[in-house]
Amino acid sequence: MNLPKTLSVQALQWTGETLLVLDQRCLPDIIRYDEYSEAPGVAEAITSMRVRGAPAIGIAAAYAVVLSARQHLEEPSLILKDLDLLAKSRPTAVNLFWALDKMRSILEQNPANLLNVLKETAQKIHADDLADNHRMGELGAQLLTGSKGVLTHCNAGALATGGYGTALGVIRSAVKRGLKNVYAGETRPWLQGARLTVWELSQDGIPVTLIADSAAAWLMQSGAIDWIIVGADRIALNGDTANKIGTYSLAVLARQHGVKVMVVAPTSTIDWQMTDGSGIKIEQRAASELLPAVYHQPESLVCAWNPVFDVTPAELITAIVTERGVIQNPAATGVGSLRV
Ligand code: MRU
C-alpha cells in the first residue's frame with residue numbers, strides 16, 4: 001500500500017478496522033504501508049522495527065489490543081494472550097507497557113460497549129501524543145532562543161510518535177523561530193538518523209546536515225552547536241534517561257565541550273516505579289544487525305555486542321522537556337514533581 005497523497009509523514013494510520021504501519025525498515029527508498037487486522041502481526045511489526053520509537057510503539061500496541069478485541073470479543077483469555085505477546089515485543093520503551101496497562105484496565109472494567117471504549121482509548125492515546133508533541137515543541141524551542149545549531153540522534157520525529165515528534169518537534173518549532181543549523185547523527189547500526197531523520201526533516205523542507213556518529217566530538221569542538229536534542233525510551237524518577245545507543249557518548253562529549261543536553265519526552269515515557277537508571281532493561285538485538293554477512297555463520301569466530309540503548313545519567317542532562325513542563329537540571333530534583 002502506498003502513502004496516501006494527502007498525508008505527510010505518518011508512522012501509523014488507523015482505518016477504523018485495521019492498522020496501517022509504515023515499514024520503516026525500507027525508508028527512505030520505499031514508502032510502503034502494511035495493513036494489520038490481528039494483534040500478533042502488530043507485535044511482530046514492533047519486534048522487527050517496522051514501527052519503532054517509544055511513543056509510536058505504545059500507540060501501535062494500543063491499536064493492536066483493539067484488533068484483538070474485535071477478533072476475540074467472546075474469548076477474553078485470547079485477548080489477554082495477545083496483551084502478553086505485545087508486552088514481549090520490545091523491552092526498553094516504557095510507553096509500550098504504559099499503553100498496554102491503560103488498555104488492560106479497560107478490559108478489566110469490562111464496560112458494556114467494550115470495543116468502542118477500547119477504540120476511543122487507543123485513538124485518544126494517539127491524539128494526545130500528537131498534541132503533547134506540539135506543546136513540547138513550543139517549550140523546547142523557547143530554550144533554544146539564540147542557538148547557533150543543534151545535533152539530534154536517532155529518530156525522535158513524526159515517525160517515532162503520533163506525529164510532529166519529540167526532539168524533532170522541538171527542532172520543527174525552533175526552525176519556525178529562526179534556528180538555522182540542524183545536524184543529525186547517522187545512528188549506527190540501524191541508521192535511524194541517516195535513513196529516517198534526514199528524510200523526515202527534508203519532507204518538511206527543513207535543511208539538515210548528516211554527520212557520522214564518530215564526527216560528533218569534532219563537531220562540538222568546532223563550536224557549530226550549543227545543544228544536543230534527543231528523545232527518550234524510559235526516564236527514571238531521578239532523571240536518568242534511556243535512549244538510543246550513543247546518547248550517553250554524546251552527553252559525555254557535550255559536558256567536555258560546554259554543549260547543553262535536552263531530553264524531550266512525554267510523561268508517558270517516565271517510569272514512575274524506576275528510582276534510577278540502573279534498573280532499566282537494555283535491549284540487546286541480534287548480532288546480525290551489526291555484523292557483515294560474511295560473519296553470520298554459527299561457526300564464525302567474529303561475534304558482536306549489540307545493545308541498542310544506553311542510559312545517560314541525570315547529571316549530564318541540562319533539561320527534560322515534557323508536555324507538563326520543563327525540568328531544568330534534573331539531577332537536582334528528579335522528575336517526580338511531574339506526576340499528577
Ligand atoms: O530502536 P528505536 O529506533 O525504537 O529507538 C528509538 C529511540 O531511541 C528514540 O530516541 C526514542 O524512542 C524516542 S522517540 C520519540
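Student: Where is Arg-339 found?

Tutor: Arg-339 sits in the segment after α10 (330–333). Keep in mind that this is a predicted model.

Student: What makes Trp-272 count as touched by Arg-339?

Tutor: The cut-off is heavy atoms within 4.5 Å. Arg-339 touches Trp-272, Gln-273 and Arg-324, leaving aside residues up to four places away in sequence.

Student: OK, on to the domains. Which stretches are they?

Tutor: The assignment gives domain 1 as 12–131 and domain 2 as 137–338. Their C-alpha centres lie 24 Å apart. In the contact, 27 residues come from domain 1 and 30 residues from domain 2.

Student: How do you know how much area domain 1 and domain 2 bury between them?

Tutor: You look at the accessible area the two parts lose on being put together, summed over both. Here that comes to about 2,300 Å², 57% of it on carbon and sulfur atoms. On the domain 1 side, Arg-52, Thr-92 and Val-94 lose the most area to domain 2, together 27% of what that side buries.

Student: Why is the meeting of Arg-90 and Glu-283 called a salt bridge?

Tutor: The rule wants a side-chain nitrogen of Lys or Arg within 4 Å of a carboxyl oxygen of Asp or Glu. Arg-90 and Glu-283 meet at 2.8 Å, N to O, so the pair passes that 4 Å limit. Across the interface of domain 1 and domain 2 the rule finds 1 salt bridge. The same interface has 16 residue pairs in polar contact.

Student: Which elements give two or more residues to the domain 1 side?

Tutor: Those are α2 (54–72), α4 (94–109) and α5 (114–143). The residues of that side divide into 16 nonpolar, 7 polar and 4 charged.

Student: Now the ligand. Which residues come nearest?

Tutor: Of the 17 residues around the ligand, the nearest are Arg-52, Arg-90, Asp-233, Asn-243 and Lys-244.

Definitions and conventions
Residues numbered from 1 in each chain as written. Predicted model: local features only at pLDDT ≥ 70, side-chain atom pairs only at ≥ 80, totals over all residues. Heavy atoms only, no water. Domains from an automatic or database assignment. Buried area = accessible area lost by both parts, 1.4 Å probe. Polar contact = N/O pair within 3.5 Å; in protein donor to acceptor, adjacent residues only side chain to side chain. Helix = DSSP H or I, 4+ residues; strand = E, 2+ residues; numbered from the N terminus. Nonpolar A, V, L, I, M, F, W, Y, C, P; charged D, E, K, R; others polar. Near = heavy atom within 4 Å.
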